[in-house]
Amino acid sequence: IERFIPVTKLKYYFAVDTIYVSKKLGLLVFPYLHRDWEVRYQQDTPVAPRFDINAPDLYIPAMGFITYILVAGLALGTQNRFSPEILGMQASSALIWLVIEVLAILLSLYLVTVNTDLTTVDLIAFSGYKYVGSEPYG
């Protein structure tokens with residue numbers, strides 16, 4: 001995995017604390033209350049997520065994804081249709097759709113020739129935030 005994504009780069013996306021997580025969840029639930037959407041930089045590198053609520057992180061999308069799969073398993077269990085194989089298929093399907101979504105975004109950015117500082121990991125983080133909003137509804 002070090003060949004594709006350096007571990008130090010991944011550490012940046014998981015550099016969060018409880019205050020950041022609570023503020024970011026509030027931002028995801030009530031985005032219209034937020035005014036400043038710029039990511040802060042320090043010497044040409046983005047500030048760690050724990051210091052900037054606008055910075056993308058992978059902690060919240062990862063926990064949202066896991067919770068989404070667990071809630072899907074719970075819903076299947078209440079309908080007496082639960083099995084570990086179905087849960088694995090649900091997780092694989094959701095992960096494949098996330099990859100397809102990110103690839104579609106990358107293709108769109110390429111076709112429109114948009115120059116951006118967003119990395120593929122940033123797009124994965126932003127695409128993963130959708131799982132946070134899906135939990136209350138099952």
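Start by selecting Arg-40 and Asp-52: the two form a salt bridge, with their closest N and O atoms 3.0 Å apart. The term here means a side-chain nitrogen of Lys or Arg within 4 Å of a carboxyl oxygen of Asp or Glu. Before you go on, note that this is a predicted model, in which local features need pLDDT of at least 70 and side-chain atom pairs count only at pLDDT 80 or more, while totals for chains, interfaces and linings use all residues. Numbering runs from 1 along each chain as its sequence is written, and side-chain values use heavy atoms, with hydrogens and water left out.

Now colour by pLDDT, the predictor's confidence in each residue, from 0 to 100. The protein averages 89, and 96% of the residues score at least 70. Helices (H or I, at least four residues) and strands (E, at least two) are DSSP runs, numbered from the N terminus.

Back to the salt bridge between Arg-40 and Asp-52. This pair links distant parts of the chain, twelve residues apart: Arg-40 sits in the loop between helix H2 (18-29) and strand S1 (41-42), and Asp-52 in the loop between S2 and H3. (Buried means under 20% relative accessible area, exposed over 50%, partly exposed in between, with a 1.4 Å probe and protein chains only.)

Aromatics are the next stop. Rings of Phe, Tyr and Trp (its six-membered ring) pair if their centres lie within 6.5 Å; planes under 30 degrees apart count as stacked, over 60 as edge-to-face and the rest as tilted. The count comes to five aromatic pairs by this rule. Pick Phe-65 and Tyr-131: the ring centres are 5.2 Å apart and the planes at 85°, so the pair is edge-to-face. Phe-65 belongs to helix H3 (residues 59-78) and Tyr-131 to helix H6 (residues 130-134), so the contact ties together parts 66 residues apart in sequence. Phe-65 is buried at 17% relative accessible area, and Tyr-131 counts as buried at 7%.

Tyr-68 lies in helix H3 and Tyr-131 in helix H6, so parts 63 residues apart in sequence are tied together. Tyr-68 is partly exposed, at 24% relative accessibility. With Phe-65, Tyr-68 and Tyr-131 on screen, you're looking at one aromatic cluster.

Last, switch to a surface view and select Phe-14, Tyr-59, Met-63, Ile-66 and Leu-70. They form a nonpolar patch on the surface, with about 460 Å² of accessible area together. One of them, Met-63, has its place in helix H3 and is partly exposed at 38% relative accessible area. Patches take residues with over 30% relative accessible area and no salt bridge: like charges are joined within 9 Å, nonpolar side chains (Val, Leu, Ile, Met, Phe, Trp, Tyr) within 5 Å. The areas come from the Shrake-Rupley method with a 1.4 Å probe; for residues, only the protein chains shown count as cover.
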